[in-house]
Amino acid sequence: MLTGAQPGFGNRISHSHRRTSRRFDPNIQTKRYWLPSEGRHVRLRLSAKGIKTVDTIGVEAAVARIRARGVKI
């Protein structure tokens, strides 16, 4: 919700060096934060990097950024 992380794509390479398609999924976690301005908890789906960003900028600023992207919380 915060960083817009999406899967990356690449190739799986075997011992014989044959290439097949693979997918790199982001580390998505569901985390619950207390939002003091609204007096309630919000549940956010964040990547591990997104969780660190919330810890740095604060939950109020993070929710403001998510709402600016047009996501309903």
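Analyst: Let us begin with a term: contact means heavy atoms within 4.5 Å. Helices (H or I, at least four residues) and strands (E, at least two) are DSSP runs, numbered from the N terminus. This is a predicted model, in which local features need pLDDT of at least 70 and side-chain atom pairs count only at pLDDT 80 or more, while totals for chains, interfaces and linings use all residues. Residues are numbered from 1 along each chain as its sequence is written, and side-chain values use heavy atoms, with hydrogens and water left out.

User: What covers the buried residues of H1?

Analyst: The cover includes E3, E4 and H2. Buried means under 20% relative accessible area, exposed over 50%, and partly exposed in between (1.4 Å probe, protein chains only). The buried residues in H1 are Gly50, Ile51, Thr53 and Val54. These residues span an arc of only 160° around the axis, and therefore lie on the same side of H1. The arc is that of the directions from the helix axis to the C-beta atoms. Lys49, Lys52, Asp55 and Thr56 are exposed on the other side of H1.

User: Where is His17 found?

Analyst: His17 is in the loop between E1 and E2. Two strands pair if DSSP finds at least two bridges between them. E1 and strand E2 (residues 19-24) run antiparallel and are joined by six bridges; in one example, Arg12 has Thr20 in E2 as its bridge partner. The two strands form a hairpin with five residues between them.

User: Is Ser47 buried or exposed, and what does it contact?

Analyst: Ser47, in strand E4, has a relative accessible area of 9% and is therefore buried. Apart from neighbours within four places in sequence, Ser47 is in contact with Thr3, Ala5, Asn27 and Ile28. A polar contact is a pair of N or O atoms within 3.5 Å; within protein, one must be able to donate a hydrogen and the other to accept it, and residues adjacent in sequence count only if both atoms are side-chain atoms. The side chains of Ser47 and Thr3 are joined by such a contact, of 3.3 Å.

User: Which rings have a charged end over them?

Analyst: A charge sits over a ring if NZ of Lys or CZ of Arg is within 6 Å of the ring centre and within 35 degrees of the ring normal. The ring of Phe24 has the charged end of Arg22 over it, 3.8 Å from its centre. For the ring of Tyr33, the charged end is that of Lys31, 5.4 Å from the centre.
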